[in-house]
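Q: I would like to go through this structure with you. Could we begin with the terms and then turn to the details?

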Amino acid sequence: MKTKKIVLFASGSGSNVENIVHFFQNTPNVAISCVLSNRKDAYVLERCNKMNVSALYFNRTAFSASDCVLDILVSLDPDLIVLAGFLWKVPAAIIQKFPNKIVNIHPALLPNYGGKGMYGMKVHEAVKNNRDTETGITIHYVNENYDQGAIILQVKTSILPTDSPETIAKKVHELEYAHFPKTIAKLLEV
Ligand code: GRF
């Protein structure tokens, strides 16, 4: 059976990347081809060094002002491109080259708390400030607009009045770790 190839993008810590790498380590016909980051000091690159996973850093010119990252993706020929904590908008050229092959995870129930600038603790602080009684994760296809692609999966969790943005973040991360790899496996039909 043909090996299914995943390319991951991350801008920060990379706990989802690490979780996805471990999940597929024992799946014979799935390979994590490469992890790409737009931040040379992103801890995700350190995690990849420790896990012996190929990883590259790119700058904005390579990503959106030239075909550099696009050409790298074409050469990697991924079955799925996974954004796992990646903060830049994906250029139309990449979206058009990989239609319905780019997915993202957002730490809230889109369309709420989505869009430019809504990421990480900013999301959980907004949820807390609005006294919401639930939050969750959204896994969706990526299109030309931030967080507006077709939704693939949403999973909810309750918020208690005693919850802080930090405890909310922990609950949401637990949902991410439980559901993102399995959803990727389903999309790859493995
Ligand atoms: C996650 O909360 C994810 O939902 C969001 O960015 C965060 C990445 O966290 N897109 P990590 O870098 O995987 O730890």
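A: A term first: helices (H or I, at least four residues) and strands (E, at least two) are DSSP runs, numbered from the N terminus. The model discussed here is a predicted one.

Q: Fine. Where is Y113, then?

A: Y113 is placed in the loop between β5 and α6. Its phi is positive, about 60°, although Y113 is not a glycine.

Q: Which form, cis or trans, does the peptide bond from L110 to P111 take?

A: That bond, from L110 to P111, is cis, and its omega is near 10°. P111 also belongs to the loop between β5 and α6.

Q: What lies 2.5 Å from an oxygen atom of the ligand?

A: A polar side-chain atom of S15 is at that distance from an oxygen atom of the ligand. For E176, an N or O atom of the side chain is likewise 2.5 Å from a ligand oxygen.

Q: And which backbone atom lies 2.9 Å from a nitrogen atom of the ligand?

A: That is a backbone N or O atom of I105. Of the 360 Å² of accessible area that the ligand has on its own, the protein covers 86%.

Q: Which pocket does the ligand take up?

A: The ligand takes the space of the largest pocket. About 800 Å³ of space lies in this pocket.

Q: Which lining residues are closest to the centre of the largest pocket?

A: The lining has 39 residues, and those closest to the centre are G85, F86, L87, Y119 and G120. Two or more lining residues come from each of α1, β5, α6 (120-129) and α7.

Q: Which element gives the largest share?

A: The largest share is from α7, with four residues.

Q: How does the lining divide by class?

A: The lining of the largest pocket comprises 15 nonpolar, 18 polar and six charged residues.

Q: A change of topic: where does D79 lie?

A: D79 is in the loop between α4 (68-76) and β4 (80-83).

Q: What does its side chain reach at 2.6 Å?

A: At that distance the side chain of D79 reaches the backbone nitrogen of K5. The side chains of D79 and K2 are also joined, by a polar contact of 3.2 Å.

Definitions and conventions
Residues numbered from 1 in each chain as written. Predicted model: local features only at pLDDT ≥ 70, side-chain atom pairs only at ≥ 80, totals over all residues. Heavy atoms only, no water. Polar contact = N/O pair within 3.5 Å; in protein donor to acceptor, adjacent residues only side chain to side chain. Areas by Shrake-Rupley, 256 points an atom, 1.4 Å probe, with all protein chains shown as cover. 1 Å grid on protein atoms, 1.4 Å probe; cavity = no way out; pocket = protein on both sides within 12 Å on 5 of 7 lines; lining within 4 Å. Sits in = over half its atoms within 2 Å of the grid points. Points joined across faces, edges and corners; volume = space filled by probe spheres on them. Nonpolar A, V, L, I, M, F, W, Y, C, P; charged D, E, K, R; others polar.
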